[in-house]
Amino acid sequence: MKLKNTYTKGAILLMFIGILILVLMFFLDAKLQTTPIISSMVIISSTCFLQALLMLFTANEISKIDETQTPGFHLKQWQNFRAFQKKQRSWNMPVYYTLLSIALGVYLYELLKSIDLWKMILAFAITYSWMLFAYFYLGKKEIKKQDAKLDNIISELKNLENQFH
């Protein structure tokens, strides 16, 4: 159940990041404790917690798959999980990145509004370039990797089921 462990470790990491952001919020300089900055930090940490809960839910769905069942039933469980995961991906990644983008935009603007415009634009360009890279390259690469694992599991189960018939 490496896949379950991957989701569980990711959830723990996201919870840690969410807690770290909240801790940082309390130790912010008094001048930076504006409503937009505090709100954006709360939104970012909440997004991390929601994503962590979703990852724990997904890990729980994986743990429900009973490997002691017949190959046909086991195959059906993995196919159901794959359908669940596809539905989840269709809304989860866009919502996650949209919330983070909005909150980071507000945070950066409030934090950098007193510096030169070109520095602010540079900070926004670097931040959003990284987010676009993470969404369109790293995220898609991870999805392909997970799909390959699931395809392999489903393919092996189909072969096993065919051997019994």
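Tutor: Start with the record: UniProt annotations may be inferred rather than shown by experiment, and their positions are given here in the numbering used for this chain. The model itself is predicted.

Student: Which residues does the UniProt annotation "transmembrane region" cover?

Tutor: According to the unreviewed UniProt entry, the annotation covers residues 12–30, 36–57, 95–112 and 118–138.

Student: What is the helix content of residues 95–112, and how far apart are the end C-alpha atoms?

Tutor: In the model, residues 95–112 are 100% helix and 0% strand, with 25 Å between the end C-alpha atoms. For residues 118–138 the values are 100% helix and 0% strand, with the end C-alpha atoms 28 Å apart.

Student: Why is W78 called buried?

Tutor: Buried means under 20% relative accessible area. W78 has 5%, so W78 is buried. This residue is in helix α3.

Student: What does W78 contact, leaving aside its neighbours within four places in sequence?

Tutor: W78 is in contact with L3, I62, I65, L150, I153, I154 and L157, once those neighbours are left aside. E61 is 17 residues from W78 in sequence, and their C-alpha atoms are 10 Å apart.

Student: What makes the pair K64 and E61 a salt bridge?

Tutor: The rule asks for a side-chain nitrogen of Lys or Arg within 4 Å of a carboxyl oxygen of Asp or Glu. The N to O distance between K64 and E61 is 3.3 Å, and the pair counts as a salt bridge. K64 is exposed because its relative accessibility is 51% and the limit for that class is over 50%.

Student: How many salt bridges are there by this rule?

Tutor: The count comes to five.

Student: How do you know that R82 and D147 form a salt bridge?

Tutor: Their closest N and O atoms are 3.9 Å apart, and the limit is within 4 Å. The pair therefore meets the rule and is listed as a salt bridge. R82 lies in helix α3 and D147 in helix α4 (residues 117–164), so the pair ties together parts that are 65 residues apart in sequence. Both R82 and D147 are buried.

Student: What is the distance between the closest N and O atoms of D151 and R82?

Tutor: The distance is 2.8 Å, and D151 forms a salt bridge with R82. With D151 in helix α4 and R82 in helix α3, the pair ties together parts that are 69 residues apart in sequence.

Student: Are R82 and D151 buried, partly exposed or exposed?

Tutor: R82 has a relative accessible area of 14%, so R82 is buried. D151 stands at 39% and therefore counts as partly exposed.

Student: Which residues are linked in a network of salt bridges?

Tutor: The network links R82, R89, D147 and D151.

Student: What makes the contact between Q88 and T58 a polar contact?

Tutor: A polar contact needs a pair of N or O atoms within 3.5 Å, one able to donate a hydrogen and the other to accept it. The side chains of Q88 and T58 are joined by such a contact at 3.3 Å.

Student: Where is Q88, and why is Q88 called buried?

Tutor: Q88 lies in helix α3 (residues 71–112). Its relative accessible area is 8%, so Q88 is buried. Not counting residues up to four places away in sequence, Q88 touches L54 and T58.

Student: Why does Q51 count as buried?

Tutor: Q51 has 12% relative accessibility and therefore counts as buried. Q51 lies in helix α2 (residues 35–63). Beyond four places in sequence, Q51 touches L14, N92 and Y96.

Student: Why is E110 called buried?

Tutor: E110 has a relative accessible area of 15%, so E110 is buried. E110 is found in helix α3. Leaving aside neighbours within four places in sequence, E110 is in contact with T34, P36 and I37.

Student: Which residues make the nonpolar surface patch?

Tutor: L13, F16, I17, L20 and L24 make the patch, which is about 460 Å². Patch residues must have over 30% relative accessible area. L24, in helix α1 (residues 2–26), is partly exposed because its relative accessibility is 46%.

Conventions: Residues are numbered from 1 along each chain as its sequence is written. This is a predicted model: local features need pLDDT of at least 70, side-chain atom pairs count only at pLDDT 80 or more; totals for chains, interfaces and linings use all residues. Side-chain values use heavy atoms; hydrogens and water are left out. Patches are made of residues with over 30% relative accessible area and no salt bridge: like charges are joined within 9 Å, nonpolar side chains (Val, Leu, Ile, Met, Phe, Trp, Tyr) within 5 Å. Accessible areas come from the Shrake-Rupley method with a 1.4 Å probe; for residues, only the protein chains shown count as cover. Helices (H or I, at least four residues) and strands (E, at least two) are DSSP runs, numbered from the N terminus. Buried means under 20% relative accessible area, exposed over 50%, partly exposed in between (1.4 Å probe, protein chains only). Contact means heavy atoms within 4.5 Å.
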